Amino acid sequence: MTSKWNYCPLTPDQQEAAARLASRYAATPPISELLAGRGIGTVEEAEKFFHPSLRDLHDPFLMPDMDKAVNRLNRAMGGKEKIMVYGDYDVDGTTAVALVYKYLRNFYSGIEYHIPTRTEDGYGISRATIDMAAERGVSLFIILDCGIKATAEVAYAATLGIDFIICDHHVADEVLPPAAAILNPKLEGSTYPCPHLSGCGVGYKLMQAFALSNQLPMGELDSMLDLVAVSIAADIVPMVGENRILTYYGLKRLNSNPNIGLRAIIRTCGLSGKEITISDVIFKIGPRINASGRMQSGKEAVDLLVSRDSAEAMAKAREIDGYNQDRKELDKQITEEANAILEERDVSHSKRKSIVIYNKNWHKGIIGIVASRLTELYYKPTVVLTHANGLATGSSRSVQGFDVYSAVESTRDLLETFGGHTYAVGLSLKEENIPEFTRRFEEYVRDHIRTDQLTPVLDIDAYLTFADITPEFMSLLHRFNPFGPGNSKPVFCTRRVTDFGSSKLVGKAGEHIKLELIDDTSGKVYDGIAFNAAEHFDYIHSGRPFDICYTLEESKRKGTHSVQLMVCGISHD
């Protein structure tokens, strides 16, 4: 689907900010514009942005209930109670469990962890798990990346003498579980300065508060920031404020001395010796951790992440890598089946504003990925359902700017369970309710989505000439890392570029273009790649000028630096 190009000039206030910044970054004018567009208005703020510091992390006790959580944890450890660390089976949940368990086991032996299975247990906490824990003598759960809606389950656990510390970041209902403490920066009334922590990030803040309350040095905890960085990148939470600081130091750890389990995954990904970026986490490391929970058991991912033995970790990493290969094959198969069904419906040209699709034979662990792929392809809010444990169970994904959580919530009387975020929601319902759910979901989307939200938009951060792409500019641009929502990798536009004469089609079917481009401001030829853009090749090869949108990648090999244009949009007459 072709994207609409959107360049929003700086507001008058941002123009004033850019002018102030120009005194410091005069040699690289586009940098001032990029900083001002991110709300940075002074040189002091810019330098703080370019040099994240752990000293700028927020006091964990600013989070409501943190004092209750730490007091209950300290009391459990002082009384030699048995503690269960429990979390979701995705990347965020498994990294959160690994972090809390790894840190606390340094000081306490009466602790274990558990991850539910996607197919048998489903999302969140169940009475069966609570009964299992009660039989094992557990009296305190630390539950991570889930639990905010487990009101009945937490109340049931209380009758067995089991308390809960809930660490979650999902949207809550009006009635909260009767837990000993609930840590969730999204709770109504919370004034915590970073409301968009990942689930693992909330777990980190609990451990930070625990360390402060017991006057423990922070070095051991900060050595686990690689886990937090993986969770933030994989869960696609805003890369601003505290999240950006945590990710910055987590990436440094991934690139210098990652924990044994992550080091094993890095080796299986073929990333050893390379600079690991957010993209590597999203597309290589995260999917392998996720594959464990999707294909088998998320507990295997935690087993790997808390491993103390390198050989054992490599064996587990190779096994999980095998799960990821299986996941890829199933992903491809189910996506093709879903596309075939939707093509029969002629969904791309229909008047419907949403997609709901159900197949009882699809693998439960894959449907979230399929929902994402269908949303990208058709650019409509999408729900993909399969059958599990007697119910239609599924995942929804959304397009930029549309709140799919509210759309799903509008049908809550038809649902057995649901929960999630603005752009991703899990849900389950009785099979007989699917037709009515489909009708009402479509009705809500149709009434609330704007026409412009049904077309992908390519936001342009700045116009560049090739002469602007200097070593100084690239050095400062690199310091905008780590990138993510709220601090996206800048997209640039250069007008009237031409083919140097050597661009060519590449790929198995000649679907991509390997570009060599020039403009009239610089004598330098810039390499680029435009994926799935073969339709533009004849025009480009004719030598006529055209406009491009792109991001910039810098590679360092054998002492040489090279810049590549990652072209995401081509426009011509």
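Leaving aside its neighbours within four places in sequence, which residues is valine 306 in contact with? I looked this up and found Ala98, Tyr101, Lys102, Arg105 and Tyr113, where contact means heavy atoms within 4.5 Å.

A note to myself on the model: it is predicted, so I keep in mind that local features need pLDDT of at least 70, side-chain atom pairs count only at pLDDT 80 or more, and totals for chains, interfaces and linings use all residues. Residues are numbered from 1 along each chain as its sequence is written, and side-chain values use heavy atoms, with hydrogens and water left out.

Next I checked where valine 306 sits: in the loop between helix H14 (298-305) and helix H15 (310-345). Helices here are DSSP runs (H or I, at least four residues), as are strands (E, at least two), numbered from the N terminus.

Is valine 306 buried or exposed? Valine 306 counts as buried because its relative accessibility is 6%; buried means under 20% relative accessible area, exposed over 50%, partly exposed in between (1.4 Å probe, protein chains only).

Then I turned to the sheet. I found 5 strands in an open sheet, ordered E3-E2-E4-E5-E6, with parallel pairing. Strand E3 (111-114) and strand E6 (181-183) are the edge strands, each pairing on one side only. Two strands pair if DSSP finds at least two bridges between them.

I also looked at one pair of strands: E2 (residues 82-87) and E3 pair in the parallel sense over 4 bridges. Valine 85 stands opposite tyrosine 113 in E3, and Tyr113 is also one of the contacts of valine 306.
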